[in-house]
Amino acid sequence: MQATPTNTRPLDLICLGRVAVDLYSEQVGSRLEDVASFAKYLGGSSGNVAYGTARLGLKSAMLSRVGNEQMGNFVREELTRAGVDVSALQIDPDRHTGLVLLALKDRDSFPLLFYRRDCADMAIDTEAIDPSFIARAKALAITGTHLSTETTARACRKSLDAAAKHDVKRVLDIDYRPVLWGLTEPGDGETRFVADDKVTDDLQAWLSDFDLIVGTEEEFHIAGGSTDTLESLRAVRRVSGATLVCKLGALGCVVFEGEIPDRIEDGILVKGVKVEVLNVLGAGDAFMSGLLRGWLRGESWETSAGYANACGALVVSRHGCAPAMPTEAELFDYVARRNTIKRPDQDAGLNHLHRVTTRVPKEWPQVCGLAFDHRRQLTDMAREVQADPARIPALKQLLVKAAEEGARRTGLDKPAILIDDVYGQDALNDATGKEWWIGRPVELPSSRPLRFQHGDDLGSRLKHWPREHIIKCLVFYHPDDPVELRLDQEARLRQLYQAACTNGLELLIEVIPPIQASIDDKTLARAVQRLYHLGIRPDWWKLPTMSDTAWKAVSQAIEAQDPYCRGVVLLGLDAPMEDMKRGFTTAARHPQCKGFTVGRTLFSAPSRDWLAGTLDDDQLIDRVASNYAELIQAWRQLRSVQPIAEDTLS
């Protein structure tokens, strides 16, 4: 059995080593020379492990260094969003954050170019490392790259000594990259093994410092000084009493706690998971994340290695490394069904779990929104008061300020807004980057059957959206619509949902039954249920005010079909303020309702006056902000009474 780190510490794991930015080719099958575009992800072996273990529920921390620039900010923010402690992530005033450019040529080839010469994480400041911080963790994990230079070796030495003093388990991921030891040409980041006696000697001088050593067969070859795996493992064992975990690729891994046996399979052999591989890049960091998840929770080596193999299998079937890392819920779902899933990237259940359990932020406890994504209504308003429609973009920028002011008056931390990109692109730009809740419509106004504002090529449009923008789509839909009409609209919604998933964007579907249709307390629940049955799982629903009975039916449909749904927000339909408040009275009783996104009720009259020239900018902002604040306060007052569980409502 393994020696389990059982001591109670505020941190499970500290990762010391490389943290950088990965630029992954978006064209699979291309040489790096031919790549046309890249996706930006968190990178660096240690950064990936900190990120991956945090997703799996461990309390992880990053001990490294980034540049005082935008890429360093990105690394810090991305780690923070995953729940990683970045209090020991140093900032280098002079050096840049490391970058890696990667192509995915085929399953086993990944042309890789490191931009790491004199980069920030290789200049980690040893003096800034606090031994008491190391003492807070159950384990310290170091990558072999940080044993390759004098500067990083000093940081490792100080950290390992502190770990030994405070009974912190010490982990080595050999992570052998010949290019980072100066053994290949600068452009050859893909080569994983070059025999070198000096590197072997350097590594062996450190091996006695560790309790757990993890590597591929090639990595144990460099650590042991032989291309015979068993001989290398024995050489490592002669200088180290650590538990050795040797990764065998698709075959799984083998764990050695004592002497190395005559056959490699006589260790604790844990077979791998067979999957279709997109590219093997990132498998090692995912493996390490899963292994540490089990080890640091006291699981057996069989269970821990099973987690490790499963995490590796998931990542090799997806694009990227850090973003492909599974969450705890996703890992357990996959482990339970892994024998039936050959293509994790095509499994609807796994893909949905990955999508909804990695959303940022994880929770939106309330959404109090000012909606001004209107297009046709505002052009009609401008025409009625004989104003130039060219003023509408400026109006929308003022409404962003009104939303901010209304939120300030009520102490609302993050305003919520709905803005279009037809008249509101400048307003969108003003609001983006502030961590607001931002919805953005795609429907052609008033279209029935549903049509999209900018045509059917949704992928090329959504590709350019900031990830924080939520797709909003209004559909005039009734489950009893004529079959041809219903199927047409449902096909458009399925197309939109797939585009949202592909582009990593959240989706809000706004359902309004047509005015002429017959509506009862089951209509909206039936509409929601129908779309779920089609495999459409939006992150949000936007619905009209309803009776208690209708709310209960809708809530039950959502909870049964997608317990990860963010919830429902109320729409306004230009209702008078007092009518909206009455609608809140019922909605606030139901936990699935997270708030509202209301528009013309709040901005219509002031905007008309502003377009007519009878209201100046400050007056417009003040009036809309006052209306918005009034509605926020009304919702909060009603919601202050604890929502009632659905099964207690009559």
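The model is predicted: local features need pLDDT of at least 70, side-chain atom pairs count only at pLDDT 80 or more, and totals for chains, interfaces and linings use all residues. Residues are numbered from 1 along each chain as its sequence is written, and side-chain values use heavy atoms, with hydrogens and water left out.

**Stop 1: the open sheet**

Select β2 (20-25) and β3 (38-43), then β6 (99-102) and β7 (112-115). Helices (H or I, at least four residues) and strands (E, at least two) are DSSP runs, numbered from the N terminus. The four strands form an open sheet with mixed pairing, in the order β3-β2-β6-β7. β3 and β7 are the edges; each has a single partner strand, so one side of each lacks a neighbour in the sheet. From one strand to the next, the twist averages 20°. Two strands pair if DSSP finds at least two bridges between them. β2 and β3 run antiparallel, joined by six bridges. Pick Tyr-24: its bridge partner in β3 is Ala-39.

**Stop 2: helix α2**

Now select residues 70-82, helix α2. It lies across β2, β3 and β6, at about 65° to β3. Angles run from 0 to 180 degrees between N-to-C directions, with axes fitted to C-alpha atoms, for helices over the stretch in contact. Contact means heavy atoms within 4.5 Å.

Which residues of α2 are buried? Colour Gly-72, Phe-74, Val-75, Glu-78, Leu-79 and Ala-82. They cover an arc of only 160° around the axis, which puts them on the same side of α2. That arc is taken from the directions from the helix axis to the C-beta atoms. Buried means under 20% relative accessible area, exposed over 50%, partly exposed in between (1.4 Å probe, protein chains only). The buried residues pack against β2, β3, α1 (45-55), β4 (60-67) and β5 (89-92).

Check both ends. At the start, a side-chain oxygen of Glu-69 comes to within 2.9 Å of the backbone nitrogen of Met-71. After α2 comes Gly-83, with a positive phi near 95°.

**Stop 3: strand β14**

Jump to 367-371, strand β14; five of its five residues are buried. Val-367, Gly-369 and Ala-371 lie on one side, Cys-368 and Leu-370 on the other. β14 pairs in the parallel sense with β21 (593-598) over four bridges. There, Leu-370 stands opposite Val-598. Three bridges join β14 to β15 (416-418), also parallel. Ala-371 has Leu-418 as its bridge partner in β15.

**Stop 4: Arg-486**

Finish in helix α16 (483-502), at Arg-486. Is Arg-486 buried or exposed? It counts as buried, at 14% relative accessibility. Show Tyr-477, His-478, Pro-479, Asp-481 and Arg-530: Arg-486 touches them, not counting residues up to four places away in sequence.

How values were computed: Expected span 1.5 Å × (residues − 1). Polar contact = N/O pair within 3.5 Å; in protein donor to acceptor, adjacent residues only side chain to side chain.
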